[in-house]
2 protein chains.
Amino acid sequence: MTYCVGMMLDRGLVMMSDTRTNAGVDNVSTFNKMHSWEVPGERVLIMMSAGNLATTQAVVSILEERTKAHEERMPSLLEVPSMFQAARLIAETLRDVIGQHERAGEEAESSFGATLILGGQIDGGPPRLFLIYPEGNFIEAGADSPFFQIGETKYGRPILVRAYDPEMSFEAALKLLCVSFDSTVKANLSVGLPFDFQLYEIDRLTLGHRSRIHADDPYYQTISSGWGEALKQALDVLPDFDLGG
Amino acid sequence: MTYCVGMMLDRGLVMMSDTRTNAGVDNVSTFNKMHSWEVPGERVLIMMSAGNLATTQAVVSILEERTKAHEERMPSLLEVPSMFQAARLIAETLRDVIGQHERAGEEAESSFGATLILGGQIDGGPPRLFLIYPEGNFIEAGADSPFFQIGETKYGRPILVRAYDPEMSFEAALKLLCVSFDSTVKANLSVGLPFDFQLYEIDRLTLGHRSRIHADDPYYQTISSGWGEALKQALDVLPDFDLGG
C-alpha cells in the first residue's frame, strides 16, 4: 500500500507521500512516489502515485520520454497549455499502461491499477489539484473537497477532516500531515517512512521546498510522541459519559 | 458495513455497536447488532456482529433456540462451563450457518460471512473477550491487544490505539468510544447512529448498564462538536514544521 495526500491551501499546494512498497510482507522496499516537472516561470507539475509500482514507473517514464523527445507526435507534459490538459494527458497515459499490461502477458495475482494525485499550476491559470483514477478519468479538488488522499486513506482521514483549514500556513499543514501520516504508520505496516513532501507557493511557477522526513527526524519524533499525549489531553477536556450514578 | 468495539478494562467490559445495515446505499436500515444472555450470579455473555445480517440473525436464533429447548442434544450457551467453550459453540454455529448458505441455493453477490465479538464471564473463570472469525476460529484479547474492532475499523482505530488505558473508568471509556465512533460516522456513510452500549463490571455476573445513544443525544452532540475543537487545540500544542526560514 501507500499513503499520499495532496492539499490545496490558500497559500498554495502541499503534497506528501510515503515511500514504502511491498509485495507481500516479506518483500518491502523504499521507492519515491513523488515526481515533479518544472519550467521555471511557466509551469509546475507534481504527481504522486498509489498502486502497482511497475505501472506508475511506466507512466512516469513515458511522460518523461515525451518531455525529452520533442519530435514525438504526442503532446508533451511540458507543452500542454493547461492543468486540465496535463491531467488528461497523464490520465490517458495511465489508462494505456494499465490496458497494455492487462491485455497481454501473464495473468497477475495483483491488479495493475494505480491512482494518481496531480497538482500544479501553468502560467495563465490558477493552481489545480486532481485525483486521477486507473480508468483514465479524474476529479478536481474544490472548496468542498480541498484535499485528496490515495492508498491507505482511512486511518489518517479523521484528523484531516477535522483540522484542515484553507488559511493554514505551510508549516501548520506539514504538522497536520505528519500527524495524519503518523496515525497511519502506527496502524498499518504497508505505509512507512521516510516521507517526501513538496510545497508549491501560488503564482510562483517554480517548485517550492522539497524534503524527505526520516524516521529519526527530531521534528517527526516530537510529533509522533507528542501527539499521543496531546490526544489524551484533548480527551480530558471533554466531559466523561454520565452513567447517571 | 458496521462498527463495533469490545474493550477489556481492569473494571470490566465495555461493548459498543452501531446499528446501521445497508445493502447498497439505497437500502439502509437500523438493526440491533448487540445481543446478550444472562444467568444472574452465574454467567453473562455479550455478542456483537459485523457482516451479513441474515447470517448473524440466524446465528442468534439458533443460539437462542438452543437455550430454550432443553431436550436438544447440542450444548446450550447457558450450560457450557467456560467462556472458551461458549466461544467455540458460537464459532461453530457461525461456521455452520455460513456453510449452509454457501453450499445451497442462489449464488449471492455479497458474502455470507460475518465476524463476531464475544465478551463475558462465567462463574469460576475470569472475564474474557474473543474475536470470532467466519471460518469458525477465534482469538482472545490480552494485555497486548486489549480491545477488538470489527466492521469499518480503520477510521476509529488511531484514537483507540493512542488513548486506551486499562485503568480508565467506564465513563472515560464510553467517551473514548464516542470519539472513535464519531470519527467513523463522519467519514463513512455505512456506519450510523444510534449506538448501543453494554457495560459489564468484573465478577458481578449480571449485566451492567445498557443504553442506546441517539444522534440527538446532548452528550453525543457535545462530544461530536467538541472533539473537532479539542483536536485543533491538541494540534496547536505541537510545534509547527520548521522550514528553516
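**Chat: the cavity and the chain contact**

Colleague: Which helices each supply at least two residues of the lining of the largest cavity?

Modeller: α3 (157-163) and α5 (218-237) of chain A do, together with α3 and α5 of chain B. Helices here are DSSP H or I runs of at least four residues and strands are E runs of at least two, numbered from the N terminus. A cavity is a set of points on a 1 Å grid where a 1.4 Å probe fits but cannot get out, and its lining residues have an atom within 4 Å of a point.

Colleague: Before I go on, what kind of model is this?

Modeller: It's a predicted model, where local features need pLDDT of at least 70 and side-chain atom pairs count only at pLDDT 80 or more, while totals for chains, interfaces and linings use all residues. Residues are numbered from 1 along each chain, chains are lettered from A in the order written, and side-chain values use heavy atoms, without hydrogens or water.

Colleague: OK, what volume does the largest cavity have?

Modeller: About 140 Å³, counted as the space filled by probe spheres set on the grid points.

Colleague: And which residues line the largest cavity?

Modeller: From chain A, the lining has Tyr155, Pro158, Ile159, Ser183, Trp227 and Leu231, and B:Tyr155, B:Pro158, B:Ile159, B:Ser183, B:Trp227 and B:Leu231 join them. That lining has 10 nonpolar, 2 polar and no charged residues.

Colleague: How many cavities of 30 Å³ or more are there?

Modeller: The count is 4.

Colleague: Switching to the interface: how many residues of chain B are in contact with chain A?

Modeller: 42 residues of chain B contact 42 of chain A, with heavy atoms within 4.5 Å taken as contact. About 4100 Å² gets buried between the two chains, and carbon and sulfur atoms give 72% of it. That's accessible area (1.4 Å probe) lost on putting the parts together, summed over both. On the chain B side, B:Arg162, B:Phe241 and B:Leu243 lose the most area to chain A, together 22% of what that side buries.

Colleague: How many salt bridges are there between chain B and chain A?

Modeller: There are 6, each a side-chain nitrogen of Lys or Arg within 4 Å of a carboxyl oxygen of Asp or Glu. One pairs A:Asp240 with B:Lys175 at 2.9 Å, N to O.

Colleague: Which parts of chain B touch chain A?

Modeller: α3, α4 (170-187), β11 (195-201) and α5 of chain B each supply at least two residues of that side. α5(B) has the largest share, 13 residues. By class, the side has 24 nonpolar, 7 polar and 11 charged residues.

Colleague: How many salt bridges over all chains, then?

Modeller: 20. Within chain A, for instance, A:Arg11 meets A:Glu171 at 3.9 Å, N to O. A:Arg11 lies in the loop between β1 (3-8) and β2 (12-17) and A:Glu171 in α4 of chain A, so the pair ties together parts 160 residues apart in sequence.

Colleague: Where are the cis peptide bonds?

Modeller: One joins A:Leu193 and A:Pro194, with omega about -5°, and A:Pro194 is in the loop between α4 and β11 of chain A. Another joins B:Leu193 and B:Pro194, again with omega about -5°; B:Pro194 lies in the loop between α4 and β11 of chain B.

Colleague: And what is phi of A:Asp203?

Modeller: Near 70°, a positive value in a residue other than glycine. A:Asp203 lies in the loop between β11 and β12 (210-213) of chain A.

Methods:
Nonpolar A, V, L, I, M, F, W, Y, C, P; charged D, E, K, R; others polar. 1 Å grid on protein atoms, 1.4 Å probe; cavity = no way out; pocket = protein on both sides within 12 Å on 5 of 7 lines; lining within 4 Å.
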